[in-house]
Amino acid sequence: MSFFFQLVVSGLTTGAIYAALALALVLIFRATNVVNFGQGEMATFSAYGAWQLMQWGVPLWLAVVASLAFAFAIGIVTFRLIIRPMMDAPVEAVVVITLGILVLFQAASMWIWGAEQLSFPSLFPDGGFSIGEVRVLSSAVGTLAILLTIALAMGFIFRFTKLGLSLRAAAFDRTRSVLVGVDVERMLMLGWGLAAVIGALAAILIAPRLFLSPTMMTPILFYGLAAATLGGWDSPLGAIVGGLAIGVAESLGASYLSFIGADMRIAVPIALTLIILLVKPVGLFGSYKVTKL
C-alpha cells in the first residue's frame, strides 16, 4: 500500500505541472476561443531567459521573477503582433497561426541557445520528509503549493476583482462587453499575458527534471491538452483537476499495467480522457452552450 501512495504523490507532483500548462491553455481559450499550440514553446523561451540571467550571475529567485515578467511581455506582444490582426479570421486559420508560434519560438530558442540540453536548478531544496513509509520530496510539496497558490489567486481575481470580472465579460461576449465599457482588446491582451506567465512557471518547474532544451515542453503540451479536455475547456478548475488526475493516472498506470511500459505512459491519460468524453463530451467541469434558434 505504501508503494501505491508513493506513486500517487509522484503523480500529483507531475500532474501539477500538467495542470499549470492546462490552465494557461484554458485562459487563452476562454478569451479567444483558440487553442494556443505554441504555449509550451513560449514557456520554454521564458525559461531560457531565466537560465541566461543565472549565467550572468543573477540569483535564482530573482531570475525567475524577471523571467515571469519577461513572459508576460511576450504574451502581450504575441497577442498584439500576431493574434490581434487575425481575430476575425476563421478558427482554422488562427489554429495554423498558433502552430506557427510554436515553430517560431522553438526556432528562436534553438538559434539563440542551441539544441543541447542544459542543466536548470530546482526552485526547492533537496531532500524531504517521510509520512509512514511514503517519501515526500520538498520539490513535490513546493510544486503543489505553487499550483494551489495560482489556483487561489486566479479564483480570487476572477470572482472578486473588477479586472477579473472584465476578463470574464470579454471572454463571454465581446460585443456586449464593449457596450458596458469594457476595453475588450486590453482584456484579451492581459489574458494572453497571464497565460504566458503561468506557462512559463510550468516550464521552470519541469526544467530541472527534463533538462532545458528547445523541445522540452512539446511532450508536456500533449498532457496539458489532455488535462484541459478532461476538465473542460471553459473551466480553470477543470484544468487543475484534469492535470492532477492525469498525473496520478499516468503514474499508477505505468507501474501497475505492465503491458504499457515507460514508452507508452501517455496512453493512460489519453484513454482516461476518451472514457470521460464518451460520458460527458464537454469534460468533467465543462458546461454546455445553449443556442436559441
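Helices (H or I, at least four residues) and strands (E, at least two) are DSSP runs, numbered from the N terminus. This is a predicted model: local features need pLDDT of at least 70, side-chain atom pairs count only at pLDDT 80 or more, and totals for chains, interfaces and linings use all residues. Residues are numbered from 1 along each chain as its sequence is written, and side-chain values use heavy atoms, without hydrogens and water.

**Stop 1: the second largest pocket**

Select Thr13, Leu137, Ser139, Ala140 and Arg209. Of the 17 residues lining the second largest pocket, these lie nearest its centre. A pocket here is an open set of points on a 1 Å grid over the protein atoms alone, where a 1.4 Å probe fits, with protein on both sides within 12 Å along at least five of seven lines; lining residues have an atom within 4 Å of a point. The space inside is about 240 Å³.

Now colour α1 (2–32), β2 (134–137), α5 (138–160) and α8 (184–210), the elements that each give two or more residues to this lining. Which element gives the most? It is α1, with 5 residues. By type, the lining holds 9 nonpolar, 6 polar and 2 charged residues.

**Stop 2: α10 against α11**

Select α10 (residues 236–256) and α11 (residues 267–279). Their axes come within 8 Å and cross at roughly 125°. That angle makes α10 oblique to α11. The crossing is right-handed. Show side chains next: Ala245, Ile246, Ala249, Glu250 and Gly253 of α10 meet Val268, Pro269, Leu272 and Thr273 of α11. Contact means heavy atoms within 4.5 Å.

Technical notes
Axes fitted to C-alpha atoms, helices over the stretch in contact; angles between N-to-C directions. Parallel < 35°, antiparallel > 145°, perpendicular 65-115°, else oblique. Left-handed = near helix turned anticlockwise from the far one by under 90°. Points joined across faces, edges and corners; volume = space filled by probe spheres on them. Nonpolar A, V, L, I, M, F, W, Y, C, P; charged D, E, K, R; others polar.
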